[in-house]
Amino acid sequence: MPDASLARDSFGEFVAGALPGLLRFGHVLTGDPREAEDLVQEALARSLRHWRSVRSADAGPYVRRAMVNSHITRWRRWEARVRLGEVPDWGADDPAMRRGEDWDRLRRALVRLPVRQRTVLVLRYYEDLPDARIAELMNCRPGTVRSQAARGLASLRSLLEPEPETVPGGGDL
Amino acid sequence: MTSEDQLRRLMRDPGWSLPAWPDAQARVRRAARRQRLTAASVCAVLAVIITTAAVVPVALMGRVSRGVTQGPVRNRVPKTVPSRPARQTIFPPVGTAGFPASIYPAATKPRAAAGALRLCPDPVGLEAPGPATPAAAIFVLRRLGQGLSSDLHLSDRSAWPLLVTIWQSGGFRLLAPTRTSVRYSGPLQPNGSVPAGLQQAIVADCGAGVARATWVIVYGPPNKPALDAVILFLTRRGHMLFYNTV
């Protein structure tokens, strides 16, 4: 079966080369390392099942598209699930995993955005995709992308604004 | 942080990098196999449903027509066929889309051979109750009973067989919020509301870790303590899950 072994080899090469980028993309998209791994695994598995029809040049966008669709779908499906409290401090005790304060604030703020707004922002500012392409990926109109992006940015700004400092003993002037 | 450039820069921060998997290919192939299995299971269940839907009315019609042509007049009304729930429910395998293994790992067998529990939650990823637990437990309690599929998402795998049994016998009828009141909501510890011996039974069957992570809600119809129900919850990686009822 030379075709099957060729397909296996090309898929293996693709996974080896693309995995770090896909995991990063998944992490920005979900804000959670474990969900990112689940998402990448699921999208790669689905791509493997259709690998023969995926041209190697299109494999990256194909898997990313599968990740975006799967992410939006699973959030719809998981509405029933209840998430507790604050976003956990992943690896906060691990010096190798310690990140910058700005990065951590962004991560926490992104997780609080509705899934479609977050997806639009990630595709626009992380993947640098034009609005028309984002609309195509998300099955919506470019106008919807622009409005979601504007809302997402506004929410991010309000979430990232530093809290006003309280003046001890201060009251209304 | 206000500028779009800053957002772009922060999204490209190396902090988003995750370690690549050493066994990436094998892992993806296993996941693909699971996806194929799930798809096959769904097809099989659909086939059974379609076949049943096609065969039962035909059989019924046969009975009716035989009654009309051969039976005495008083036997013309066909007997009702009791609706039977499916005997075996196929659960989504571990790691299926929508049920990540980190939140829905496989259930474990109780340590005691003849223990009180049929299955135990996997202790990995369990978290001790925190300040958000009481509200989350009540929230899950209120959402349970809206449908088996939704209940699976709200529950640990160790509760899934129990959920099927509950749904086959008519669902969570006691859970109607208007007819119930919460008598106790707190950690698993002996007190007037939590049944005596429950803590020891869970420690013996599932281990001290599961017992420590357990949150108990005792509730029932007002003024009828004999009908109290005890619902056990746990938190795994930030997600509140139902896992048993007594």
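This is a predicted model: local features need pLDDT of at least 70, side-chain atom pairs count only at pLDDT 80 or more; totals for chains, interfaces and linings use all residues.

Modeller: Let's start with chain B, where 27% of the 246 residues count as buried. A residue is buried if 20 or more other C-beta atoms lie within 10 Å of its own, exposed if 12 or fewer, and partly exposed in between, with the C-beta atoms placed from the backbone. In chain A, buried residues make up 34% of the 173 residues.

Residues are numbered from 1 along each chain as its sequence is written, while chains are lettered from A and ligands numbered from 1 in the order in which they are written. pLDDT is the predictor's confidence in each residue, from 0 to 100. Chain B averages 75 on it, with 70% of its residues scoring at least 70. The complex as a whole gets an ipTM of 0.73 and a pTM of 0.50 from the predictor.

On to the folds. Chain A comes to 7 helices and 0 strands, while chain B has 7 helices and 5 strands; these are DSSP runs numbered from the N terminus, at least four residues of H or I for a helix and at least two of E for a strand. From its N terminus, chain B reads α-α-β-α-α-α-β-α-α-β-β-β.

Now the part you asked about. A nonpolar core here is a set of buried Ala, Val, Leu, Ile, Met, Phe, Trp, Tyr and Cys residues joined through C-beta atoms within 7 Å. The largest one has 40 residues, and Val40(A), Ala43(A), Leu44(A), Val63(A), Met67(A) and Val122(A) have the most contacts inside it. Helix α1 (residues 2-30) of chain A gives the largest share, 8 residues. Domain 1 (7-76) and domain 2 (112-162) of chain A both contribute, so this core lies between them; the bounds come from an automatic or database domain assignment.

Zoom in on Leu44(A). Beyond its neighbours within four places in sequence, Leu44(A) is in contact with Val15(A), Val63(A) and, from the other chain, Val28(B). Contact means that the C-beta atoms of two residues, placed from the backbone, lie within 7 Å. Apart from this core there is another, of 35 residues, including Cys120(B), Leu232(B), Phe233(B) and Tyr243(B).

That cross-chain partner brings us to the interface, which takes 41 residues from chain B and 42 residues from chain A. On the chain B side, α2(B) supplies the largest share, 8 residues. That side splits into 20 nonpolar, 13 polar and 8 charged residues, where Ala, Val, Leu, Ile, Met, Phe, Trp, Tyr, Cys and Pro count as nonpolar, Asp, Glu, Lys and Arg as charged, and the others, Gly among them, as polar.

Arg237(B) counts as partly exposed because it has 17 C-beta neighbours inside 10 Å.
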